[in-house]
Amino acid sequence: MATNQQNGEQSEDEAFRKHLRQMLDNGPGDGETDTGNPDVSTPSYPTSSVDLDETSQPPFSSLSLDDGESPFKSPDVPSGGKSYGGVEMSATAPSTSKPPTVTSPVSGGSKFDQVKAQVKEFSLDTFRTTKQLFNEMVGKGTKTFDPKVDVALSELRVLQTTYRKLLDEVGNMQSYIQSLVDTQKRMTHIFGELALRDPKLSSDYTMNAETQKVVVKNAEQLLGAISFFASSLKTLCDKTMQDCLDTAKKYEYARLQYDTYRTEHEQVIQSGTSNSSKSMEIKTKFEAKKKSYEQWKADVVIKLQFLEENRNKVVHRQLLLFHNATAAFFSGNQQQLETILTQFSIQLRKPNAEPPSWLEK
């Protein structure tokens, strides 16, 4: 009985090994299932178009199929798998090694922290200055006021606005005189044509044509003087004054920051927590903003002084030109007009001349 049982187990093992080799050679099919009975053959469907011949090594060729040795048994791992036909199948223990740590090649952590700190500081500073400005508008906050500088800046803004109004009216005057010159030129041409067509009144037409030519010449000289006056005044208004006002804007923003941290510094002193780290930080920022405010204030004072001196000289000279040119034109003094143009080095543009280059402007 024992011999027959042993022979049955050997035949069962040989059948299982045969079935297992067939699976390794052909590959398992999509619908193949293991019934545990070696006598029942299941159809196999190859998953690759390339068939493995006898010389090719199957994927599991490293597994031993000798008698009494399991093809899936590892000597280091105790068997705990399921038994199929006397062959114990056990899986290999999973790997417990940790994956390698991947370090970023860009060491931008410190830069990101710096940008983050700058954005945070800018946001807090903007919030504080906005709060200070709102408190000043509703009358809850105190504002640093310098009578000398702030009054001078207020007068400068009013003066710039008035100069721009004057420039607008001068432009209207130029348009009017230019339109008058164009009309007189057309009248001169018509008088000349009539002098040819009407011989009896030829002398009268010619006299009026010559008069219009003189008036046109004087008007063109007046236009040259007015253009020079307007150009100088526009440079003073839009460049020199505007540069001083741009500096004044930076000064006013520095004043706002100074008042913001001055208020916080005063609150810290009143609360009695001047020795804390936060209070020391506020004190440091307050001193830095105070230094910036005083520096911008000094720059504004210097620019105001230079502007006042330059403005007085330029405007006095241009007003003298405008007065003399206007008086000479309406009085019909052609010689005085020419003298004025020579005195101020004004060159009239010829009718067919090319426009001046950017170096001449």
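These legends walk through several close-up views of one predicted model. Because the model is predicted, local features need pLDDT of at least 70 and side-chain atom pairs count only at pLDDT 80 or more, while totals for chains, interfaces and linings use all residues. Residues are numbered from 1 along each chain as its sequence is written, and side-chain values use heavy atoms, with hydrogens and water left out.

View 1. Along the sequence, the elements run α-β-β-α-α-α-α-α. Helices (H or I, at least four residues) and strands (E, at least two) are DSSP runs, numbered from the N terminus. Of the 361 residues in the protein chain, 26% are buried; that word means under 20% relative accessible area, with exposed over 50% and partly exposed in between (1.4 Å probe, protein chains only). Take the contacts with a separation of 6 or more: 69% of them come from residues 24 or more positions apart. A contact here is heavy atoms within 4.5 Å.

**View 2. Tyr 258 and Tyr 293 are one of five aromatic pairs in the whole structure.** Rings of Phe, Tyr and Trp (its six-membered ring) pair if their centres lie within 6.5 Å; planes under 30 degrees apart are stacked, over 60 edge-to-face, and the rest tilted. This pair is stacked, at 5.0 Å centre to centre with 5 degrees between the planes. Tyr 258 sits in helix α4 (residues 202–271) and Tyr 293 in helix α5 (residues 277–331), so to speak distant parts of the chain, 35 residues apart. Both Tyr 258 and Tyr 293 are buried. Ring pairs also tie Tyr 251, Tyr 258, Phe 286 and Tyr 293 into a cluster.

**View 3. Phe 329 and Phe 330 make an edge-to-face pair.** Their ring centres are 4.9 Å apart and the planes sit at 80 degrees, which is why the pair gets that label.

**View 4. Helix α3 (residues 147–197) packs against α5.** The axes come within 12 Å and cross at roughly 30 degrees. Axes are lines fitted to C-alpha atoms, for helices over the stretch in contact, and angles run from 0 to 180 degrees between N-to-C directions. The two helices are therefore roughly parallel (under 35 degrees; over 145 is roughly antiparallel, 65 to 115 roughly perpendicular, the rest oblique). The crossing is left-handed, meaning the near helix is turned anticlockwise from the far one by less than a right angle, with clockwise giving right-handed. Residues making the contact include Leu 153, Leu 156 and Tyr 163 of α3 and Val 300, Leu 304 and Arg 311 of α5. By class, the contact has 13 nonpolar, no polar and two charged residues. Nonpolar covers Ala, Val, Leu, Ile, Met, Phe, Trp, Tyr, Cys and Pro, charged covers Asp, Glu, Lys and Arg, and the others, Gly among them, are polar.

**View 5. Helix α4 meets helix α6 (residues 334–343).** Here the axes come within 10 Å and cross at roughly 30 degrees, so α4 is roughly parallel to α6. This crossing is left-handed. Val 214, Lys 217, Asn 218, Gln 221 and Ala 225 in α4 meet Gln 334, Leu 337, Glu 338 and Leu 341 in α6. The classes come to four nonpolar, three polar and two charged residues.
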